[in-house]
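Me: Walk me through this one, please. Start with how the pieces are named.

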Amino acid sequence: NLLRSAMDLSNEDIRELLQKQPAVLTFSAQHLAESLRFLIEELGLNNNAKTTTLRSLVLLYPSILTYSIPNLQQKIDFFTHILGFSIQNTTNLLLATPQFLTLSVDDNLQPKYDFFREEIHLSNEDIKKMLQKNSNIFATYSLQQNITPKLMGLFAKKLLFEPVHFSKILLSYPQFLDRSLNHYLLPFTQYFLHDLNF
């Protein structure tokens, strides 16, 4: 009843939600109400249009309802306090890429941030611009299995990229990280280095 009334969910919506995240049934109505209220208030989702967006977000990632408020707060704080996004930009980013709310700050988001700051030497502003152009870099890709092999294995070691080179390419076209290392980036590099003798 709470989910139906709070977000205008149909019976079909609730069935879909429970199929994706049956653990929702183990949480009290109070917990669910507090989680929804927190997201609505913290992200400024207090008009009909944004509440509809929250409804879509919860249907897509119902696990969000199972997180504690300190857990959700830590994730929002990462974007507002660590990255320095405004609450409006944070809301826009989280609604556009809701899987951010499913990721651990300590095990996922913070290590990626530290990597780009310490290994790639991007500034805070550079990281923000990069994420606004391609949120997949933090939301989807593994640091160890995807990002590091591409940036450190290929670009730093093979192409001898310096920090200034990383900054230019990651800010102008961060979508290159969406490309497969083995099926696109390595063959592309091989073609220029060996076939064209660059």
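Reply: Helices (H or I, at least four residues) and strands (E, at least two) are DSSP runs, numbered from the N terminus. It's a predicted model: local features need pLDDT of at least 70, side-chain atom pairs count only at pLDDT 80 or more, and totals for chains, interfaces and linings use all residues. Residues are numbered from 1 along each chain as its sequence is written, and side-chain values use heavy atoms, leaving out hydrogens and water.

Me: Where's H121?

Reply: H121 sits in the loop between helix 7 and helix 8 (124-133).

Me: What does F116 touch?

Reply: Leaving out residues up to four places away in sequence, F116 touches H121, L122, I127, M130, I137, F138, I147, L151 and L170. Contact means heavy atoms within 4.5 Å.

Me: OK, helix 7 and helix 10: at what angle do they cross?

Reply: The axes of helix 7 (residues 105-118) and helix 10 (residues 143-156) cross at roughly 10 degrees and come within 12 Å. Axes are lines fitted to C-alpha atoms, for helices over the stretch in contact, with angles from 0 to 180 degrees between N-to-C directions. The two helices are therefore roughly parallel (angles under 35 degrees).

Me: Which residues make the contact?

Reply: P111, K112, F115 and F116 from helix 7, meeting L143, I147, T148, L151 and M152 from helix 10.

Me: And where's the kink in helix 7 centred?

Reply: On P111, at about 25 degrees. That's the angle between axes fitted to the seven residues ending there and the seven starting there.

Definitions and conventions: Angles under 35 degrees count as roughly parallel, over 145 as roughly antiparallel, 65 to 115 as roughly perpendicular and the rest as oblique.
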